[in-house]
Amino acid sequence: MSQTNPITINEKRLLEDFFYWAKINAPSKSEKVIADLLVPALQELEFSIEFDEAHKAFNGDCGNLIAYWKGTDPGLPPLFLSTHMDTVLPTEGLNPVIKDGIIYSDGTTILGADDRAALASYLEAIRTIQESGMPCGPIELILTVNEQQGLQGASNLDYSKVKSKEGYIFDSSGDVGQIILQGPYSSRFHVEVIGKSSHIGLNPEEGVNAFLIAADILRNASLGKIDENTLANVGMMNGGELSSIIPGRISMTGEVRCFEKEGLDGYLEEFIQSASDIAASHGGKIKSQVEKKYFGFNINRDHILVKNAIEATEAAQVEPCITKTLGGADTNILNENGLTCITLGNGFRNIHTFQEHISVENLMNTAKYTVSLIQNWHRTNSK
């Protein structure tokens with residue numbers, strides 16, 4: 001790879017900004033505190049600000065933040081950058097530490113690199129562009145709420161407020177340079193196993209133990225990595241009343257992810273039919289419900305976004321890696337609602353745990369790559 005025209009950013013400022021944004025305690029449905037701080041920061045960068053009312057759908061305290069800067073060439077097609085404002089757990093009392101080039105928390109909280117690393121990097125990239133005076137088309141920031149609890153902010157986004165049609169989301173554990181072109185379809189399934197309750201000391205022979213039915217259902221189910229395209233899991237079970245009562249009901253909740261809609265539907269049909277047959281063999285039955293989580297996406301390698309992402313790796317001095325993921329992100333929802341976007345790696349690790357971390361190199365590269373993406377987008381659309 002050629003190393004011509006490398007991107008230069010203010011690395012000290014970015015590191016300080018990441019620490020600043022990461023320390024703001026704004027878990028899902030409590031994003032108002034970070035949004036209130038973002039408004040003046042973005043206005044200083046000449047962005048116009050709008051909020052929608054997505055939070056009313058899930059009792060949050062703040063809607064999605066949509067910010068627009070016209071750039072130096074306002075007539076060009078705008079490019080959006082998206083990330084979420086919430087963290088999966090609180091970051092109150094966060095104390096970031098750096099050890100051997102890796103940023104951690106002190107082990108008492110998450111780090112919040114998912115996805116404050118993207119937020120800080122976007123802001124640094126925009127400052128770099130503005131301070132350098134480099135030509136730039138319009139940039140839009142789509143900053144969502146309640147992403148961690150099922151992509152709810154993006155699902156309830158007021159898309160009439162969004163001016164852009166194409167964009168990028170840095171929100172993956174791959175190193176910077178990872179370019180994700182395909183994401184999965186996903187559905188959640190709920191199965192209520194119905195047996196018959198009875199008292200263990202008085203009429204045990206009348207009982208049909210729902211736990212034993214559920215155990216057989218799980219024993220006969222394909223779970224985990226089914227194949228290269230499909231993952232399935234049962235993650236929650238609940239039931240029982242007293243230790244003296246043979247349980248008559250138990251609920252099971254799981255989900256399946258698959259790159260193909262047909263594969264997802266086929267798995268669900270097979271799982272539910274098998275569960276029904278097994279319950280009947282015990283003298284019980286089931287009730288089932290399937291809940292769509294999100295649709296998949298598959299962006300063609302010839303798309304302008306993909307070409308731009310590959311070309312932009314050169315100036316950012318990162319290696320491109322084209323891939324797909326069975327992980328879900330706002331990317332799924334935005335594509336489902338008429339926008340076109342791809343997920344990019346920003347290198348956080350062990351997310352949602354107190355061992356979460358990100359390398360200083362990946363943090364810096366996220367900002368550099370963002371600058372290069374914007375530069376390339378301007379160059380491509382100016383031809």
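Colleague: Why is Cys62 called buried?

Modeller: This is a predicted model, and in it Cys62 has a relative accessibility of 6%. Buried means under 20%, so Cys62 counts as buried.

Colleague: What makes Cys321 partly exposed?

Modeller: The relative accessible area of Cys321 is 41%.

Colleague: Why is the pair of Tyr122 and Phe170 called edge-to-face?

Modeller: The ring centres of Tyr122 and Phe170 are 6.0 Å apart and the planes stand at 65°. Pairing requires centres within 6.5 Å, and planes over 60 degrees apart count as edge-to-face, so the pair gets that name. Tyr122 is in helix α3 and Phe170 in strand β7, 48 residues apart. Both residues are buried, and together with Tyr369 they form one aromatic cluster.

Colleague: What makes the pair of Tyr185 and Phe295 tilted?

Modeller: Here the centres are 6.0 Å apart and the planes at 55°. Stacked needs under 30 degrees and edge-to-face over 60, so an angle of 55° leaves tilted. Tyr185 lies in strand β9 and Phe295 in the loop between β15 and β16, so the pair ties together parts 110 residues apart in sequence.

Colleague: Are Tyr185 and Phe295 buried or partly exposed?

Modeller: Tyr185 is partly exposed at 22% relative accessibility, and Phe295 is partly exposed at 33%.

Colleague: Which residue lies over the face of Phe295?

Modeller: Lys292 does, at 4.5 Å from the ring centre. In another such case, the charged end of Lys163 sits over the ring of Tyr68, 4.9 Å from its centre.

Colleague: How do you know that Asp86 has no salt bridge?

Modeller: The nearest side chain of opposite charge is that of Arg116, 7.1 Å away. A salt bridge has to be within 4 Å, so Asp86, though buried, has none.

Colleague: Which backbone nitrogens does the side chain of Asp86 reach?

Modeller: From the loop between β3 and β4, the Asp86 side chain reaches the backbone nitrogen of Glu147 at 3.0 Å and that of Gln148 at 3.0 Å.

How values were computed: Residues are numbered from 1 along each chain as its sequence is written. This is a predicted model: local features need pLDDT of at least 70, side-chain atom pairs count only at pLDDT 80 or more; totals for chains, interfaces and linings use all residues. Side-chain values use heavy atoms; hydrogens and water are left out. Helices (H or I, at least four residues) and strands (E, at least two) are DSSP runs, numbered from the N terminus. Buried means under 20% relative accessible area, exposed over 50%, partly exposed in between (1.4 Å probe, protein chains only). A charge sits over a ring if NZ of Lys or CZ of Arg is within 6 Å of the ring centre and within 35 degrees of the ring normal. Lys and Arg count as positive and Asp and Glu as negative; His and the chain ends are not counted. A polar contact is a pair of N or O atoms within 3.5 Å; within protein, one must be able to donate a hydrogen and the other to accept it, and residues adjacent in sequence count only if both atoms are side-chain atoms.
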